[in-house]
Amino acid sequence: SVSGAAVDVAVRKKVMLVSPGSTSPVFTDRAKKGDFKGFWARTAPPDTYQAQALAVLAKKKGFQNVATVVINNDYGVGFEREFVSAFDKLGGTITNKQNPVRYDPKAATLDSEAAAAFANQPDAVAAVLYAETGSLLLQAAYKQGLTKGVTVLLTDGVYSEDFTKQVGKGTDGKSIIAGALGTVPGADGQALSAFTTLWKEKTGKDVTAFVPHTWDAAILLMLAAEAAKSNTGEGIQSKIREVANGPGTEVTDACQAMEMIRKGEDINYQGASGNVDIDENGDVVGSYDVWTVKDDGTLKVIDKVTPNQ
């Protein structure tokens, strides 16, 4: 929602906007219409791909009948539509395809939505949520006794231990959503190892979701400005795809890339998050980490999954 409001101002003012975390498919649709004039890009892949990856994960886990429940905004509805389409193509069944459950982002109670989402005994429920209201929905489902034997499939919107704390624990002391699975844009770029070392050295922290994507967004802006010999929005816009995609020599180190550009050499920056090849709509593909909720509510990355392209 923030990028959606900002991008129109950016385009009007000819400012290059690169998001490391806005994943709604709406940006792809608008880019195809020519709304952005090339002044928009992102280093996190759109939910078009994450929804496909979640569908692949559901199929991989053997789930045949899956229901959906989503927050009623661009993020939730866009994700839902792509997930339903992808799961259909993989031979799965969406149990509430004709009556999708989309909840009001401002809802105070979500009892009826929880009941509708978990009806008809699905193997799993794909839940595209934000933390505050999503926790209410899952609490409501638990209190109605609907979650037993059903795996909850989650997304990047709630990839946080703060969220599992909000959801809370059951009478057995375990997280209400223990065993839930989710996807989040992962990082598998050639520069990831070196970046991880640098990040830990400078911050003392582990690399978490979207940090490599943020690094790559900043580096691309810097390299594009250098290639354009102009630190302006128009200059950056004119060169960002050239330094991200090539053709040119693949390079992972930002300082080395700067030196090569200054010598007039063509580069193809390989990021920490991925190869950051930005297409005509400003999108990258990327891979996804699979995470699970442990009994104590902590999160653990257990696998990787890629979308069906």
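Helices (H or I, at least four residues) and strands (E, at least two) are DSSP runs, numbered from the N terminus. The structure is a predicted model, in which local features need pLDDT of at least 70 and side-chain atom pairs count only at pLDDT 80 or more, while totals for chains, interfaces and linings use all residues. Residues are numbered from 1 along each chain as its sequence is written, and side-chain values use heavy atoms, with hydrogens and water left out. The points below cover pockets, nonpolar cores, backbone geometry and selected residues.

**Pockets**

- Rolling a probe the size of a water molecule over the atoms shows where empty space is left.
- A pocket, on a 1 Å grid over the protein atoms alone, is an open set of points where a 1.4 Å probe fits, with protein on both sides within 12 Å along at least five of seven lines, and its lining residues have an atom within 4 Å of a point.
- The largest pocket has a volume of about 480 Å³, where volume is the space filled by probe spheres set on the grid points, which are joined across faces, edges and corners.
- Its lining comprises 18 residues, and those nearest the centre of this largest pocket are Ser 1, Thr 23, Ser 24, Tyr 75 and Tyr 130.
- The elements giving two or more residues to the lining of the largest pocket are α1 (2-13), α2 (26-32) and α4 (74-89).
- By residue class, the lining of the largest pocket holds six nonpolar, nine polar and three charged residues, with Ala, Val, Leu, Ile, Met, Phe, Trp, Tyr, Cys and Pro counted as nonpolar, Asp, Glu, Lys and Arg as charged, and the others, Gly among them, as polar.
- The second largest pocket contains about 340 Å³ of space, and among its 18 lining residues Thr 147, Lys 148, Val 150, Ile 176 and Ala 178 lie nearest its centre.
- The lining of the second largest pocket divides into seven nonpolar, eight polar and three charged residues.

**Nonpolar cores**

- In soluble globular proteins, nonpolar side chains tend to be buried together.
- A nonpolar core is a set of buried Ala, Val, Leu, Ile, Met, Phe, Trp, Tyr and Cys residues joined through side-chain atoms within 4.5 Å, and buried means under 20% relative accessible area, exposed over 50%, and partly exposed in between (1.4 Å probe, protein chains only).
- The largest nonpolar core has 58 residues, of which Phe 83, Leu 138, Leu 154 and Ile 177 touch the most other members, and helix α3 (residues 47-60) supplies the largest share of this core, eight residues.
- Not counting residues up to four places away in sequence, Phe 83 touches Ala 51, Leu 54, Ala 55, Val 66, Thr 68, Ile 94 and Ala 126, contact meaning heavy atoms within 4.5 Å.
- A second, separate core of 25 residues includes Leu 220, Ala 254, Ala 257 and Ile 261.

**Backbone geometry**

- Most residues other than glycine have a negative phi, and most peptide bonds are trans.
- Gly 246 and Pro 247 are joined by a cis peptide bond with omega of about 5°, and Pro 247 lies in the loop between α10 and β9 (249-251).
- Lys 14, in the loop between α1 and β1, has a positive phi of about 60° although it is not a glycine, and at 41% relative accessibility Lys 14 counts as partly exposed.
- Val 276, in the loop between β10 (267-269) and β11 (288-293), has a positive phi near 45°, and Val 276 counts as buried because its relative accessibility is 3%.

**Selected residues**

- Ser 22, in the loop between β1 (17-19) and α2, counts as buried because its relative accessibility is 17%.
- The side chain of Ser 22 makes a polar contact with the side chain of Ser 3 (2.7 Å); a polar contact is a pair of N or O atoms within 3.5 Å, where within protein one must be able to donate a hydrogen and the other to accept it, and residues adjacent in sequence count only if both atoms are side-chain atoms.
- Gly 233, in helix α10 (residues 233-245), is buried at 18% relative accessibility, and its C-alpha lies 8.3 Å from that of Lys 13, although Gly 233 and Lys 13 are 220 residues apart in sequence.
- Ser 175, in the loop between α7 (161-167) and β8 (181-185), is buried with a relative accessible area of 7%.
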